Amino acid sequence: MSPDALITHLVGASALILVAAHAGGWAARRLGQPYITGQLVAGMALGPSLLGGVAPGVYARLFPKEIDPALTGFAQFALVVFLFAVGYELDLKVLGDRARTTVTVALASFAVPMAAGTGGALLFREQLSGLGMPRDPSPAVLVFAGLALSITAVPVLTAIVRENGLAPTVPGVVAVSAAGLLDVVCWAVLAVTLLDSGDGHALTWPWRLLLAAGFVVLMLLAARPVLRRLLWRPGTSPALRSALLIGFALASAGVSHAVGLHVIFGALLAGVVTPREPDGTLDPDLLRPLNDVGSLLLPFFFVLSGRAVTLNTMGTAGWIALLAVTVLAVLTKVGSGAAAARLGGLGRQDARTVGVLLSARGLTELIALDAGLRAGLLGPGLYTVLVFMALATTLLTQPLLRLTRLPAGRERSRPPYDAGPPRHLTPGQDGTRTAPVADLS
């Protein structure tokens with residue numbers, strides 16, 4: 001393919017991806033679902049299993065193999081920017097008056113699904129081997145199977161909390177705070193799992209672990225004061241600051257990939273070490289463009305995720321596995337979250353609300369699944385099952401929440417704290433405006 005033809009195909013494919021994904025997001029919102037759910041569905045519809053199966057000639061013309069590297073680059077860039085913003089917003093220093101409840105809920109909603117996923121993969125390894133899982137799975141494969149059930153998507157959860165008016169209530173604050181803590185635990189476990197995945201990296205995993213630990217220590221100790229001195233000088237334009245910080249995030253992602261980690265960990269770490277305003281608040285002039293860029297380009301990642309979905313590998317066993325995994329994913333999350341919240345002193349309805357909210361997986365799950373697929377921890381069949389599980393649990397969250405809240409009618413829970421003066425709002429990843437996760441604690 002000539003360079004001119006390559007550019008023409010890339011521009012046309014990019015236009016189709018952006019229009020289809022944001023149209024899907026608009027339709028999802030009209031149906032009462034999170035915006036990114038519609039983007040994900042649109043991305044899968046543009047993949048080889050749906051568009052490629054219905055109109056293979058059209059699919060081959062729209063998405064020739066020659067443009068795959070460019071689309072992958074757009075997807076990885078979108079991930080880096082998105083996760084840099086997530087890391088920048090993350091602040092677990094203050095969990096509010098219910099810190100013990102929050103920690104208990106986070107740990108329970110991690111441990112129970114992790115045990116169920118790992119145990120299920122071990123017990124049913126013969127059946128799952130037909131979906132690409134080894135008959136004798138390695139420890140990394142088993143841990144990743146448990147992790148796939150343990151993840152909660154913070155962007156989706158915060159959107160649902162906001163749209164249902166739960167932000168100032170006890171279950172809303174506990175769920176968002178627990179999800180933020182759970183994110184830290186899941187990313188840490190995923191990092192160790194990928195180090196031990198045996199993916200053919202030139203360095204053995206002990207060396208990779210040592211280099212990764214040194215990189216994290218260097219970032220935590222040196223990056224923040226250097227960034228504060230270089231970029232937070234009076235008179236530095238917000239545009240220059242955003243450009244340099246995105247470059248910093250990309251460099252951090254590149255280093256993390258070089259030492260054997262996925263680019264997502266470098267992007268998250270870059271966001272965590274980025275200094276805030278002197279009073280500890282988020283810089284809206286920095287966060288707004290990050291969220292705008294992430295929201296615009298994330299559809300490329302959804303399309304990339306959808307292109308790896310292979311419905312023709314499912315068969316009867318695959319659909320049975322999907323039903324079983326989805327039921328297990330919902331029950332373990334809702335059950336463990338609700339039980340832990342109940343032990344923390346919440347009422348029955350509030351505890352059930354916390355459990356239901358933590359069941360949403362969405363984008364965070366897709367990022368982890370993509371990392372596992374690239375590391376060889378998942379086969380195409382099992383990847384497809386888990387992608388549909390992530391979609392199903394996300395779609396079920398809103399109906400289950402309405403069912404849970406039904407007995408109390410329109411009555412709201414008592415706010416757990418004095419919210420004080422209104423804080424600044426920042427654009428959410430779903431295109432709406434929301435208070436940062438850190439401001440909910």
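This is a predicted model: local features need pLDDT of at least 70, side-chain atom pairs count only at pLDDT 80 or more; totals for chains, interfaces and linings use all residues.

Residues are numbered from 1 along each chain as its sequence is written, and side-chain values use heavy atoms, with hydrogens and water left out.

The chain averages a pLDDT (the predictor's confidence in each residue, from 0 to 100) of 79, and 86% of the residues score at least 70. Helices (H or I, at least four residues) and strands (E, at least two) are DSSP runs, numbered from the N terminus.

Now look inside. On a 1 Å grid over the protein atoms alone, a cavity is a set of points where a 1.4 Å probe fits but cannot get out, and a pocket is an open set with protein on both sides within 12 Å along at least five of seven lines; lining residues have an atom within 4 Å of a point. Grid points are joined across faces, edges and corners, and a volume is the space filled by probe spheres set on the points. The largest cavity holds about 60 Å³, and its lining includes Ile36, Phe302 and Leu391.

The second largest pocket holds about 410 Å³. Among its 19 lining residues, Gly120, Phe124, Leu128, Ala321 and Val325 sit closest to its centre. Helix H15 (315-343) is one of the elements that supply at least two lining residues, and H15 gives the largest share, six.
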